[in-house]
Amino acid sequence: PSKSPSSITFEVPSEMPSSITFGDLPSIIPSKSPSNPPSNSSSIEPSKSPSNSYPCQQTESNLELELRTSQKSSWQPRWVIAFSNETTYQTGPDSELSPNTQYTFNYCIPHDRYFININSGAGGSSCANPTEETEWKVTLDGLARHKKLFCKDDNHGFTAPSTCRGATNFAIKIRTSQQPSNRLRWDVFFGSDLKKLFYGPDDTVLLPNTEYNFEYCLFPNSYKVEIDAEAKSCTDTNEETEWFVF
């Protein structure tokens, strides 16, 4: 063979790999090896869109419980997160909490209807002043839903996700009567012929003198709500039931 390079070009590619390197020029042929791993350093510019601080799957919602414990060291709060049929989903906390301390607990919960009951651990004791009370706040998918300072226990009902896709969020907020024997029921009708759509509170047991929030997703239509406390008569305002639809 000739020792000098030929000046004739060939359109047929060589079957032998070239030993010539091309520095920093990019290759036309995609590489089969992975690129360099991403940097661990954070971006200089922060994101302008809100993000979920606790990552959950698309079929889940982020439930955040903020808790400030009582100054009573012997009072240990406990809470139960249950489905609307009273089946327990999660309980907490997993360890003992310090008095007069702020805590945040996060959960990823499947989309469903829920009810949370929290107990301060006071038992039969009462609170002598506000510092002995327990404060908690419920946040769902970044939206504050409930906040209250209480002595013994509190409850909150909600639906996850917090937004209705293609529908309107409809809520019934209720403060029950002080009479434990009073039963509460509501019916929701729709359309011009008022067909019954659903009723409440399903299987949820409502405690006396307690605030509840029930949420539903309704598609555009005309609706009517009827509520019945099933009470014979009220001797004072404490025996009355308060409700608000929004």
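## A residue at the surface

Tyr 223 has a relative accessible area of 31%, so Tyr 223 counts as partly exposed. Buried means under 20% relative accessible area, exposed means over 50%, and partly exposed lies in between (1.4 Å probe, protein chains only). Tyr 223 sits in strand β13, residues 223-228.

Tyr 223 also belongs to a nonpolar surface patch with Leu 197 and Phe 219. Together they have about 290 Å² of accessible area. Such areas come from the Shrake-Rupley method with a 1.4 Å probe; for residues, only the protein chains shown count as cover. Patch residues have over 30% relative accessible area and no salt bridge; nonpolar side chains (Val, Leu, Ile, Met, Phe, Trp, Tyr) are joined within 5 Å, like charges within 9 Å. A salt bridge is a side-chain nitrogen of Lys or Arg within 4 Å of a carboxyl oxygen of Asp or Glu.

## The model and its fold

This is a predicted model: local features need pLDDT of at least 70, side-chain atom pairs count only at pLDDT 80 or more, and totals for chains, interfaces and linings use all residues. Residues are numbered from 1 along each chain as its sequence is written, and side-chain values use heavy atoms, without hydrogens and water.

The protein has 14 strands and zero helices. Both are DSSP runs, numbered from the N terminus: helices are H or I with at least four residues, strands are E with at least two. Of the 246 residues, 30% count as buried. The protein exposes about 17100 Å², and carbon and sulfur atoms supply 52% of that.

Contact means heavy atoms within 4.5 Å. Take contacts between residues at least 6 apart in sequence: 71% of them join residues at least 24 apart.

## Two nonpolar cores

A nonpolar core is a set of buried Ala, Val, Leu, Ile, Met, Phe, Trp, Tyr and Cys residues joined through side-chain atoms within 4.5 Å. The largest core has 20 residues, and Leu 63 and Leu 65 touch the most other members. Strand β4 gives the most to this core, with four residues. Beyond its neighbours within four places in sequence, Leu 65 has contacts that include Trp 79, Ile 81, Phe 105 and Trp 136.

A second, separate core has twelve residues, among them Ile 172, Trp 186, Tyr 216 and Leu 218.

## A buried serine in a loop

Ser 177 lies in the loop between β9 (168-175) and β10 (185-190). Is Ser 177 buried or exposed? Its relative accessibility is 3%, so Ser 177 counts as buried. Leaving aside neighbours within four places in sequence, its contacts include Asn 182, Pro 208, Asn 238 and Thr 241.
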